[in-house]
Every structure is written in C-alpha cells, then in structure tokens.
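Let's take a friendly walk through a protein model, with the cut-offs spelled out as they come up. We begin with a pocket and finish with backbone angles.

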Amino acid sequence: VLHVGSRGGEIDEGISYYAKSLISIEMENSWYQSNLNRSVQCERKLINATSHELSPTEIKDIETCYTYTSYIEDVAIVKDLYSKNSSITFLVGLAQQEDKLRPLLQGLKNFSEEENLKIDYVPILFDESVGYYKKYDDDKMIHEKLTFPQYPVTINTPFTNLRNNEWNSTENFGDQWGVMLLLKIN
C-alpha cells in the first residue's frame with residue numbers, strides 16, 4: 001500500500017493491520033516528524049517528500065494507493081502515480097467542503113474517462129475527537145481559528161443524530177466532520 005499525505009500517521013496504523021508492506025509519504029516536515037513514532041504492524045518505509053518524487057521502480061509493486069484530496073491540484077497526484085504504475089487501485093478520500101467537492105469530482109471523472117477506469121464510491125461517517133489537531137500540531141494560532149464543533153468519539157455527531165432526519169450540507173459536508181466520500185478508482 002502507498003499512503004500519500006500520511007500526516008501524523010494515524011491512518012498508517014490502521015492500514016498496517018491489513019497491508020503486507022506500506023510506503024508512507026508526507027512532504028510537511030512537522031507531520032513527518034510526528035509520524036516517525038507510529039506503531040505499525042507491517043514493514044513500512046516512511047518518506048519525507050512529495051509523491052512526484054517517487055520513481056516507477058519504487059512503486060512497481062504497489063497494489064493500492066490511498067490519498068486524501070483537498071484541492072483540484074491533488075488530482076495530479078493520482079494522474080502522476082497512474083502514469084508510473086497503471087495497475088494501482090486508488091482509494092481517494094474527498095474534501096467534504098462543497099466548494100471543493102464539485103471540482104474534485106469533475107477532475108477525477110475526467111481522468112477516469114481519459115484512462116477508461118471505473119469509479120465506485122462509499123460514504124464514510126466519521127467523527128474527529130476533541131483536541132484532534134492538538135495531538136500533532138502545537139500552533140496555537142491554528143487552534144484559535146478552528147471553529148467547527150468537536151465531540152468525543154463516544155457520542156453521536158450531529159450527522160448520526162439528526163433531528164427530523166434532515167440531511168443538509170452543513171451536517172453532511174461542512175467543517176471536517178460528518179461524512180467523507182471515498183472513491184475507488186481502478
């Protein structure tokens with residue numbers, strides 16, 4: 001498995017229970033440093049770089065790549081990796097922010113049509129625990145700007161406890177909580 005943009009490595013821990021081996025790549029040094037001490041259950045190579053720096057030789061045995069996309073430019077990551085190894089199955093998490101979601105979906109749709117690939121999807125419900133960002137980032141300015149609600153993982157989020165079963169963009173796609181769309185491209 002190749003994990004592009006592994007941040008603090010929390011997803012690496014989960015992936016490592018199911019992977020034979022893992023290449024974890026993170027370009028931001030502060031996230032890379034916090035990722036060094038993660039406890040993983042498989043062989044892992046941790047790289048402080050961008051995915052564009054990976055050679056076809058380095059990823060020739062990769063079967064699955066997971067990445068989270070936040071900006072339309074992130075579609076280039078998938079395209080670049082596919083050009084180096086066209087047998088990779090991509091699992092692509094999408095930003096749930098509405099103004100980002102539409103361009104990302106369009107970019108991935110265009111790519112899949114150009115390469116004659118299939119896209120499947122699954123919505124994933126999630127909740128980020130209280131103080132999630134503080135675990136890996138001690139920048140006080142960033143934390144003061146975070147205005148979205150955070151809940152302990154032991155209670156329902158507004159998404160899982162909707163009043164009158166209402167579905168709306170604030171509860172489903174806003175502010176880093178609620179639901180994430182995960183695409184499978186192969």
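## The second largest pocket

The second largest pocket has a volume of about 320 Å³. The search behind that value runs on a 1 Å grid over the protein atoms alone; a pocket is an open set of points with protein on both sides within 12 Å along at least five of seven lines, whereas a cavity is a set of points where a 1.4 Å probe fits but cannot get out. Grid points are joined across faces, edges and corners, and the volume is the space filled by probe spheres set on the points.

Lining residues are those with an atom within 4 Å of a point. For the second largest pocket there are 18 of them, and Val 1, Ser 21, Leu 22, Asp 61 and Ile 62 lie nearest its centre. The strands β2 (21-25) and β3 (43-47) are the elements that give two or more residues to this lining. By residue type, the lining divides into seven nonpolar, three polar and eight charged. Here Ala, Val, Leu, Ile, Met, Phe, Trp, Tyr, Cys and Pro count as nonpolar, Asp, Glu, Lys and Arg as charged, and the others, Gly among them, as polar.

## Model and overall layout

This is a predicted model, in which local features need pLDDT of at least 70 and side-chain atom pairs count only at pLDDT 80 or more, while totals for chains, interfaces and linings use all residues. Residues are numbered from 1 along each chain as its sequence is written, and side-chain values use heavy atoms, with hydrogens and water left out.

The protein has six helices and seven strands, and from the N terminus on they run β-α-β-α-β-β-α-β-α-β-α-α-β. These are DSSP runs numbered from the N terminus: helices are H or I with at least four residues, strands E with at least two. Of the 186 residues in the protein, 44% are buried. Buried means under 20% relative accessible area, exposed over 50%, and partly exposed in between (1.4 Å probe, protein chains only).

A nonpolar core is a set of buried Ala, Val, Leu, Ile, Met, Phe, Trp, Tyr and Cys residues joined through side-chain atoms within 4.5 Å. The largest one holds 28 residues, and those touching the most other members are Leu 2, Leu 81, Phe 90, Val 92, Leu 94, Leu 108 and Ile 185. Two or more residues come from each of β1 (2-4), β2, α3, β5 (89-94), α4 and β7 (178-185), and α3 gives the most, with five residues.

Helix α3 is mostly covered, as seven of its ten residues are buried. They are Val 75, Ile 77, Val 78, Asp 80, Leu 81, Tyr 82 and Lys 84.

Tyr 82 is buried at 13% relative accessibility, and Phe 111 is buried at 2%.

## Salt bridges

The whole structure contains seven salt bridges, each a side-chain nitrogen of Lys or Arg within 4 Å of a carboxyl oxygen of Asp or Glu. In one of them, Asp 12 meets Arg 44 with the closest N and O atoms 2.9 Å apart. Asp 12 sits in helix α1 (residues 10-15) and Arg 44 in strand β3, 32 residues apart. Asp 12 is buried, with a relative accessible area of 0%.

Lys 20 and Glu 63 form another salt bridge (3.4 Å, N to O). Lys 20 lies in the loop between α1 and β2 and Glu 63 in the loop between β3 and β4 (64-69), 43 residues apart; Lys 20 is exposed at 71% relative accessibility.

## Two positive phi angles

Most residues other than glycine have a negative phi. Arg 7, although not a glycine, has a positive phi of about 50°; Arg 7 is in the loop between β1 and α1 and is partly exposed at 35%. Asn 116, also not a glycine, has a positive phi of about 55°. Asn 116 lies in the loop between α4 and β6 (119-126) and is exposed, with a relative accessible area of 71%.
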